[in-house]
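Please look over the sequence and the structure below before reading on.

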Amino acid sequence: DMIVVRENSEGEYVNNGGRFSKGQPNEVAIQSAVHTRKGVERVLRHGFELAMLPERRQKLTMVTKSNAQKYAMVLWDDVLDDLAPEYPSVAADKQHIDAISMNFVRMPEEFDIVVESNLIGECTPIAIFNLHLPLCFCGRNRYYVRLHCLLLVSIQIERLLFSFWVT
């Protein structure tokens, strides 16, 4: 089993930005993501708490893109580094979205709890679909990937295919 925890109240889905000179040849659109330490810490703590459950493997992997997003994703990296010592029984690491997409397919058994930002959460289900495994969506902010499950339950297929939004 793998549990993916997705932050779904911040990031790129905060309505922050605008369009300037709309319809003109010099039109500009700006869209800014908003990540707060409080929001990042909330979702990472939830991931650590899940990893500590007796039935889990005590491993947390955070998905990042800090090699390109030098402010928002570096905040995520920093918060992970700050929180990890509070959970010494959990092995915490991070992988860039590019690498984890490949590693979900190559070695899904290596993952236990995966924590990701809102936008990254739009991408990882695509990689998980490549496992040809069913997803069991089980409530707000997280979905379970069952390696030995034969049924896809609790999901409206149309909603999954068009939005990947976990509510």
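Rings of Phe, Tyr and Trp, the last taken by its six-membered ring, form an aromatic pair if their centres lie within 6.5 Å. Planes under 30 degrees apart make a pair stacked, and planes over 60 make it edge-to-face. The model described here is predicted.

## Aromatic pairs

A search of the whole structure gives two aromatic pairs. In one of them, the ring centres of Phe48 and Tyr87 are 4.5 Å apart and the planes meet at 5°, so this pair is stacked. Phe48 belongs to helix H1, which covers residues 37–51, while Tyr87 sits in the loop between helix H2 (72–83) and strand S5 (91–96), so the pair ties together parts that are 39 residues apart in sequence. Phe48 has 0% relative accessibility and counts as buried. Tyr87 is buried as well, with a relative accessible area of 6%.

The other pair is formed by Phe104 and Phe111, whose ring centres are 5.0 Å apart; the planes stand at 70°, so the pair is edge-to-face. Both Phe104 and Phe111 are buried.

## The chain as a whole

How many helices and strands are there in the chain? The chain has five helices and eight strands. Along the sequence, these elements follow the pattern β-β-β-α-β-α-β-α-β-α-β-β-α.

The chain has 167 residues, of which 41% count as buried. Among the contacts with a separation of 6 or more, 67% are between residues 24 or more positions apart.

## Helices H1 and H2

H1, the helix that holds Phe48, packs against H2 at an angle of about 50°, and the two axes are 10 Å apart. This angle makes H1 oblique to H2. The crossing of H1 past H2 is right-handed.

Which residues meet where H1 and H2 are in contact? From H1 come Arg37, Val40, Glu41, Val43, Leu44, Arg45 and Phe48. From H2 come Leu75, Trp76, Asp78, Val79, Leu80, Asp82 and Leu83. By kind, the residues of this contact divide into nine nonpolar, no polar and five charged.

Is Asp81 buried or partly exposed? With 45% relative accessibility, Asp81 counts as partly exposed. The C-alpha atom of Asp81 is 9.0 Å from that of Asp93, a residue 12 places away along the chain.

## Val114 and its surroundings

Val114 is part of strand S6, which spans residues 113–116. At 0% relative accessibility, Val114 counts as buried. Leaving aside residues up to four places away in sequence, Val114 touches Met2, Ile3, Val4, Val5, Thr61, Val63, Ile100 and Phe104. One of these, Phe104, is a member of the edge-to-face pair.

## Residues in loops

Ser21 is found in the loop between strand S2 (17–20) and strand S3 (28–31). The phi angle of Ser21 is near 55°, which is a positive value in a residue other than glycine. Ser21 has a relative accessible area of 37% and is partly exposed. Gln58 sits in the loop between H1 and strand S4 (59–64). For Gln58, phi is again positive in a residue other than glycine, with a value near 55°. Gln58 counts as partly exposed, at 25% relative accessibility.

Where is Lys65 found? Lys65 is in the loop between S4 and H2. Not counting residues up to four places away in sequence, Lys65 touches Met73, His96, Ile97, Asp98 and Ile120.

Methods
Residues are numbered from 1 along each chain as its sequence is written. This is a predicted model: local features need pLDDT of at least 70, side-chain atom pairs count only at pLDDT 80 or more; totals for chains, interfaces and linings use all residues. Side-chain values use heavy atoms; hydrogens and water are left out. Helices (H or I, at least four residues) and strands (E, at least two) are DSSP runs, numbered from the N terminus. Buried means under 20% relative accessible area, exposed over 50%, partly exposed in between (1.4 Å probe, protein chains only). Axes are lines fitted to C-alpha atoms, for helices over the stretch in contact, and angles run from 0 to 180 degrees between N-to-C directions. Angles under 35 degrees count as roughly parallel, over 145 as roughly antiparallel, 65 to 115 as roughly perpendicular and the rest as oblique. A crossing is left-handed if the near helix is turned anticlockwise from the far one by less than a right angle, and right-handed if clockwise. Contact means heavy atoms within 4.5 Å. Ala, Val, Leu, Ile, Met, Phe, Trp, Tyr, Cys and Pro count as nonpolar, Asp, Glu, Lys and Arg as charged, and the others, Gly among them, as polar.
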